[in-house]
Amino acid sequence: MGKKLFIKTFGCQMNVYDSARMADSLAPSGYLPTDSVDDADMVVLNTCHIREKAAEKVYSELGRLRLLQEEKLQAGGGKMLIAVAGCVAQAEGDEILSRAPYVDIVLGPQTYHRLPEMVEDVSAGGSGPVIDIEFPAEDKFDHLPEEAAPQGVSAFLSIQEGCDRFCTFCVVPYTRGAEQSRPVSAVVAEARRLVATGSREITLLGQNVNAYHGTGSDGKDWGLGRLIRVLAEIDGLHRIRYTTSHPRDMDDALIEAHRDVPQLMPFLHLPVQSGSDRILAAMNRRHTADEYRSLIERLRTVQPELALSSDFIVGFPGETDAEFAATLRLVNDIGFSQAFSFKYSPRPGTPAAAISDQVPEEIKRDRLESLQQLLRAQQDAFNHAQLGRTLPVLIEGSGRQPGQLLGRSPYLQPVHFDGPDHRVGYVADVCIAEIMTNSLRGTLALPEAGDPALRRASV
Ligand code: SF4
């Protein structure tokens, strides 16, 4: 008992969520989280395959861990177990054990509920390293402990995993497997537990979250829009978000939820990737740039406050100057409040990696610079448009300065303002007075007379 667990998480929020659930699953075996790798009895690298050279980065990280493992052993500190989890583990499999034989466990994203058994096996000795990168028939969520460590005011909840869309640049369908949704009752139960432990905002997670189709109370498949309406009935849950979505999976029910559900925040991350129809087809996105424009128009009609975020890939194989210009046109047409943009880089095993017509690096770099300049200008303009507005801010904790609180606007902007720290978890009205590089600053609206600005908080 009393062993220490260090988890290093790479990549997206799904991995952050998975890491927390792995820690929950190991708690009954006596493993408690530590922030220091030097203290750890077990280290888990929860890996991501999205970025370039992801596997090589994991191998260099493992090289460092091997030295630490040896030092601990020599100092009589016992064997530090090393596990590699996540998408690189899924993609590399046995290769990890042949290149890094000191690794004890290799497990894919669908088998982390089996981690305690694997730890028991390797700790008992004799079994050698364990590898489990199956896509098992059972749902891992049914086998994870219900008790989870509190996540704080803003929490993540995984509702869907895997993807059937097979965009030609993406490894997710290969590393996370086919699309699977959790039943509505399981999602609602977990949301209730999160709210009971202090969470006031829940971000629903999935690789393609709006493809959600979990079994509802009537035995039929429910979409994300219907799920959101049910979650909105939970007392004390002020805010709901979801990420990441595919434009083709924005159905009417979900669009209507943006109109009808006040807890659903007016902020949507909806990747478009490119503004060129030929490139979108080569990416297998199955929508055109104009279809994306019309979708945004529909969303903005039902929710005029909606702020948008997106992902962009520049320099996809064969992308011409004119096709890149189409992306800039689309950005100009839509107007984003924030966005993520990357140069295309091939992911081994994906169809796009096999296309011979790769765009030279310097062209990709120049295009990325122009795109980011435009996106930065749009983000600045969006932030400056908040000056003088009073925004509802969900208070997540203390700010850096004494007496300062930190929260988030409906549009996910961090907001600093002065206020009493016993109000963490409340929604306060904050008048935005200053725009900083990465955040907004404001003052509590009407802070006198018993904090009427906080009356709207319903904790
Ligand atoms: S929809 Fe998203 S997760 Fe699925 S293949 Fe495309 S980029 Fe990957």
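Author: Residues are numbered from 1 along each chain as its sequence is written. In this predicted model, local features need pLDDT of at least 70 and side-chain atom pairs count only at pLDDT 80 or more, while totals for chains, interfaces and linings use all residues; side-chain values use heavy atoms, leaving out hydrogens and water.

Reader: Why is Ser-158 called buried?

Author: Buried means under 20% relative accessible area, exposed over 50%, and partly exposed in between (1.4 Å probe, protein chains only). Ser-158 has 1% relative accessibility and therefore counts as buried. Ser-158 is found in strand 7 (residues 154-158), strands being DSSP runs of E with at least two residues and helices runs of H or I with at least four, numbered from the N terminus.

Reader: Which residues does Ser-158 touch?

Author: Leaving aside residues up to four places away in sequence, Ser-158 touches Met-14, Tyr-17, Phe-141, Arg-182 and Leu-205. Contact means heavy atoms within 4.5 Å.

Reader: Why is Arg-286 called partly exposed?

Author: The relative accessible area of Arg-286 is 42%, and therefore Arg-286 is partly exposed. Arg-286 also has a positive phi, near 65°, and is found in the loop between helix 10 and helix 11 (289-302).

Reader: What makes the contact of helix 7 with helix 8 nonpolar, polar or charged?

Author: Ala, Val, Leu, Ile, Met, Phe, Trp, Tyr, Cys and Pro count as nonpolar, Asp, Glu, Lys and Arg as charged, and the others, Gly among them, as polar. The axes of helix 7 (residues 184-196) and helix 8 (residues 224-231) come within 10 Å and cross at roughly 35°; axes are lines fitted to C-alpha atoms, for helices over the stretch in contact, with angles from 0 to 180 degrees between N-to-C directions. Helix 7 contributes Val-184, Val-187, Val-188 and Ala-191, and helix 8 contributes Leu-227, Val-230 and Leu-231. By class, this contact has 7 nonpolar, no polar and no charged residues.

Reader: Where is the cis peptide bond?

Author: The cis peptide bond joins Thr-243 and Thr-244, with omega about 5°.
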